[in-house]
Amino acid sequence: MSYPYEARFPERQFAFVFNINRCIACQSCTMACKSTWTFSKGQEHMWWANVETKPYGGYPQSWDVRTLELLRQADPDGQTWNGPVSDNPRSLYGGFSGKTIFEAAEKTLQPPGSRVLGYLPTDEEWNSPNIYEDNPVGPKGVRNQLHQTGEQLPTHNTWFFYLARICNHCTYPACLAACPRQAIYKRPEDGIVLLDQKECRGYRKCVEACPYKKVMYRGNTRVSEKCVACYPRVEGTDPESDGQPMETRCMAACIGQIRMQGLVKMNSDGTWAEDRQNPLYYLVHVAKVGLPLYPQFGTSPNGYYIPPRWVPRGYLRQMFGPGVDRALERYENPDRELLAVLQLFRRSNRIIFRYEIEEGPLVYTGVYRGKTVRIYDDTVIAFGQEGNELFRTKVEEPLYVRPGQYQNSI
Amino acid sequence: MPYHEPDPSDPSILVGVQISGSEETELDMAYVFAEEFARLGFSEERLQALFHDPFYAAANRALQVLGEGKIRSIIQETLAVWGRFPIAVQDAAERKQWDISIDSLRQEAKSHLRQDRQKS
């Protein structure tokens, strides 16, 4: 693994886990971000948070396929995983024997100054997020009309899923490596990657380098912009936060309860310090159900995904690495603790620093998909930065029904 | 999907990619559909109807691929694990009324009118 700068790691790292199995692409996260940060003139094409339909969609269009193809051209037949998944924090997802975007840059015919393999998306690719995704089609040439007998059209064995994305605030940010003016920096206190607009001259090297395409160029100010991880909320300096670290706008707006964000403690070597009762540490390093997006790019992203369980494994292994099979085996057959921790998602907009489980009664035992299932009605309790209790919730969550006389009272 | 046939000269067009689903994928999807709606409180009858509705294209496709018997067993198996849930009927606690009612505005307008007339 090569990186143009000497490694420096923050005390804590901004990180998140998205459970893709729950995402319905309602775009609440997208609009929460848009209405907070990118609503001004010149930012029309900017979506720091977006949700795209996979495998067809992408914002910018084809961003992942384009970078994977560049890597394949730089290292034909070499982009493979060679090691099994392990418990070693440095190779949790297996060993990658191919070239990362930093190593591949040394081999390609880019300008000699290029430190990262990448490409600059066209304006057309940025302009229309979600174009043609999930669109039902009507008769040819007739707009705004659907087939009245759609169920009789030819059928296909289809599958898809929704991929929610924000900046991964990588441990080895490609945008930072590529910037010729060193205008991009990673904050030592929380690992959030920020772009200093006073220093930026709009060369767009960061846009070209970021493999996730989460840095965007603004034409009317002639500088680039990127996700700021809602840092006033994470710091607890936002007026609404009341001094306590809060999750970002996109996390807090998630009605599908797919998102959990936090701050994890770091070792001096850049690995996550053991923090057994931190829910993110548990999901990524203990249960190992959270996997990084395209780990083969080599930036060590700090966004983790619980992969969708109905999608063909080959596609998932390409997207999340060889840890997919282990992650799905555990997610499909959750143990007592995992079932409880999954209930922590989106019960509060405060950052959870620690959780505890109070054991409850066994409420179900039986066989499901050939395996024995035991469900305990445990209570899981979340604690904030100061050790204060944020909330408590149960595994057997009741279904709340609005009574008849209040049905239309909103 | 686009309204027109793909234009091969369009650099953004997706061409020649097929990652078709298998029977195993259909099985996983059928379990996911059943589980999702079982957790929403669907009965066995409603779940069966969902799989039989051709406008729920993916669930209906799973029924066609896997067959009636398999779907029924998936539904029953899923309902046993995920179909038990307590129901709580409740509403938010009474809160201070922040909105100004239209009636109070009408009253206000009428009293202003009255005062204006008296002045004139």
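This report walks through a pocket, some cysteines and one threonine in a predicted model.

## The second largest pocket

Let's start with the open space. The second largest pocket holds about 720 Å³. Its lining is made up of 29 residues, and the ones nearest the centre are A:Pro89, A:Arg90, A:Tyr93, A:Tyr172 and A:Ser300.

Sorted by class, that lining splits into 13 nonpolar and 13 polar residues, plus three charged ones.

## Cysteines without partners

If you're wondering about disulfides, the count over all chains is zero. Take A:Cys175: the nearest cysteine sulfur belongs to A:Cys210 and sits 6.1 Å away, while a disulfide needs the two sulfur atoms within 2.5 Å. A:Cys179 is in no disulfide either, with the sulfur of A:Cys206 as its nearest, 6.4 Å off.

As for solvent, A:Cys175 has a relative accessible area of 6%, so it is buried. A:Cys179 comes in at 10% relative accessibility, so this residue counts as buried too.

Now for a loop residue. A:Thr248 belongs to the loop of chain A that runs between helix H7 (231-235) and helix H8 (249-252). Buried or exposed? With 2% relative accessibility, A:Thr248 counts as buried, since the cut-off is under 20%.

What does A:Thr248 touch, leaving aside its neighbours within four places in sequence? Its contacts are A:Phe14, A:Ala229, A:Cys230, A:Arg233, A:Val234 and A:Gln261.

How values were computed. Residues are numbered from 1 along each chain as its sequence is written. Chains are lettered from A and ligands numbered from 1 in the order in which they are written. This is a predicted model: local features need pLDDT of at least 70, side-chain atom pairs count only at pLDDT 80 or more; totals for chains, interfaces and linings use all residues. Side-chain values use heavy atoms; hydrogens and water are left out. On a 1 Å grid over the protein atoms alone, a cavity is a set of points where a 1.4 Å probe fits but cannot get out, and a pocket is an open set with protein on both sides within 12 Å along at least five of seven lines; lining residues have an atom within 4 Å of a point. Grid points are joined across faces, edges and corners, and a volume is the space filled by probe spheres set on the points. Ala, Val, Leu, Ile, Met, Phe, Trp, Tyr, Cys and Pro count as nonpolar, Asp, Glu, Lys and Arg as charged, and the others, Gly among them, as polar. Buried means under 20% relative accessible area, exposed over 50%, partly exposed in between (1.4 Å probe, protein chains only). Helices (H or I, at least four residues) and strands (E, at least two) are DSSP runs, numbered from the N terminus. Contact means heavy atoms within 4.5 Å.
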